[in-house]
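Colleague: Hi! Could you walk me through this one, starting at the surface and then moving to the charged pairs?

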Amino acid sequence: MATSQKRDYYEVLGVSRSASADDIKKAYRKLARQYHPDLNKAADAEAKFKEINEAYEVLSDNDKRTMYDRFGHQAVGGAGGYDPFGGAGFNGDIFSTIFDAFMNQSGRTAGGTAPSALRGADLRYHLQVSFEEAIFGTEKEISFQRPEPCGTCHGNGAEPGTDLTKCSKCNGQGEIRTRAPIFNMLTVVTCDQCDGTGKMVAVPCHTCKGDGRVRNTRKVKVNVPPGVDTGLQLRLRGEGEAGLRGGPSGDLLVAISVKEHPLFQRNGNDIILELPLNVAQAALGVELKVPTVGGDELLEVPPGTQHETIFRIKGKGAPSLRGQGRGDQLIVTRIVVPTKLSDRQRELLNELAEEWGDEPIDKREGGFFSKLKDAFGM
């Protein structure tokens with residue numbers, strides 16, 4: 001078909017000259033589905049399909065569309081005609097040859113074909129576990145939504161029976177190369193029309209609308225190792241979003257948070273327990289069973305134990321994630337002063353007060369935080 005006989009590209013797509021890029025894309029997809037040779041068996045379907053693709057190739061590219069609006073078909077006539085994008089005068093430049101050869105060795109074929117597959121995005125899931133589960137480890141089954149390959153088109157986004165077409169903007173390269181006249185500098189950017197795949201969906205799949213993926217519910221088991229704490233993140237390889245055009249899936253990042261415990265607090269691999277004692281227990285000493293994450297342990301509280309005294313039970317803390325033993329349990333005493341007294345208790349305390357007289361209470365060296373510092377070895 002001679003250049004003078006070509007129909008106006010806007011007329012081919014059935015859009016006005018002021019049509020937006022989105023309008024042009026919608027018109028193209030509608031016509032491509034209508035005249036795709038795999039779906040339309042009319043004798044002129046293939047010719048019309050080629051004409052539609054040719055029109056879209058020009059009008060979907062801002063630079064080519066501008067030149068077409070100013071000069072018509074001759075500005076974008078292809079081989080043998082005037083090509084305003086050819087970079088005349090630099091084709092035989094030795095630096096161009098070397099640079100292009102280098103680009104072909106950096107992940108692309110000699111023909112410059114871009115890979116069509118794109119890796120899926122990572123997903124994030126928040127998982128809350130109990131204090132005991134964090135100490136001893138557990139297995140949890142979680143459920144979440146993620147994009148997975150479409151079962152109708154098998155992930156390529158095209159209606160079954162149709163093929164992907166070459167991207168008209170980058171000519172299937174997956175990238176746009178622009179050579180500046182000064183110093184013959186070559187700039188390479190990912191094609192924004194095909195997202196670097198080099199392929200376009202002419203007839204979108206009716207199930208996934210051309211995306212190649214659909215959202216499904218996914219269930220997986222998460223092994224929570226012993227000793228985890230709030231802020232730890234587990235990575236499950238390949239459990240994220242499915243890739244585009246058959247690309248690899250992303251990962252699932254499981255962020256751990258630990259519920260508060262009514263008795264225990266955690267400091268690194270050590271577990272802290274506050275132990276309330278009445279005045280008699282602290283003064284006379286007592287033997288008590290104290291709770292730990294592994295069960296009750298017997299603790300000897302010596303006579304004269306002071307407020308905020310710290311006892312250590314070795315190996316009753318949290319295990320190290322690196323497998324280097326366990327922490328300890330630290331027991332901090334709290335001397336509880338009664339607020340309500342029976343008559344007999346008041347009588348006994350009065351007798352004790354008379355016995356003590358004006359004898360001063362011994363001053364303790366240091367305070368609670370200094371004791372904690374000593375206990376933690378800081």
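Colleague: Which helix is Trp 356 in?

Modeller: Trp 356 sits in helix α8, which covers residues 343-356. Keep in mind that this is a predicted model.

Colleague: Thanks. What does Trp 356 form on the surface with Leu 349 and Leu 352?

Modeller: A nonpolar patch: Leu 349, Leu 352 and Trp 356 together have about 290 Å² of accessible area.

Colleague: On to charges, then. How many salt bridges are there in the whole structure?

Modeller: The search finds 29 salt bridges. One of them pairs the side chains of Glu 46 and Lys 50, at 3.7 Å from N to O.

Colleague: Where do Glu 46 and Lys 50 lie?

Modeller: Both belong to helix α3, residues 45-59, and they are four residues apart, about one turn of the helix.

Colleague: Nice. Switching topic: which residue does Arg 146 form a salt bridge with?

Modeller: Its partner is Glu 239, and the closest N and O atoms of the pair are 3.3 Å apart.

Colleague: Are Arg 146 and Glu 239 buried or exposed?

Modeller: Arg 146 is buried, at 10% relative accessible area. Glu 239 is buried too, with 15%.

Colleague: What about Arg 218, how far is it from Glu 239?

Modeller: Arg 218 and Glu 239 form a salt bridge whose closest N and O atoms are 2.9 Å apart. Arg 218 is in strand β7 (residues 213-224) and Glu 239 in the loop between β8 and β9, so this bridge ties together parts that are 21 residues apart in sequence.

Colleague: And how accessible is Arg 218?

Modeller: Arg 218 is partly exposed, with a relative accessible area of 28%.

Colleague: Last one: which residues do salt bridges with shared partners join into one network?

Modeller: That network is made up of Arg 119, Asp 122, Arg 235, Arg 237 and Asp 251.

Methods
Residues are numbered from 1 along each chain as its sequence is written. This is a predicted model: local features need pLDDT of at least 70, side-chain atom pairs count only at pLDDT 80 or more; totals for chains, interfaces and linings use all residues. Side-chain values use heavy atoms; hydrogens and water are left out. Patches are made of residues with over 30% relative accessible area and no salt bridge: like charges are joined within 9 Å, nonpolar side chains (Val, Leu, Ile, Met, Phe, Trp, Tyr) within 5 Å. Accessible areas come from the Shrake-Rupley method with a 1.4 Å probe; for residues, only the protein chains shown count as cover. A salt bridge is a side-chain nitrogen of Lys or Arg within 4 Å of a carboxyl oxygen of Asp or Glu. Helices (H or I, at least four residues) and strands (E, at least two) are DSSP runs, numbered from the N terminus. Buried means under 20% relative accessible area, exposed over 50%, partly exposed in between (1.4 Å probe, protein chains only).
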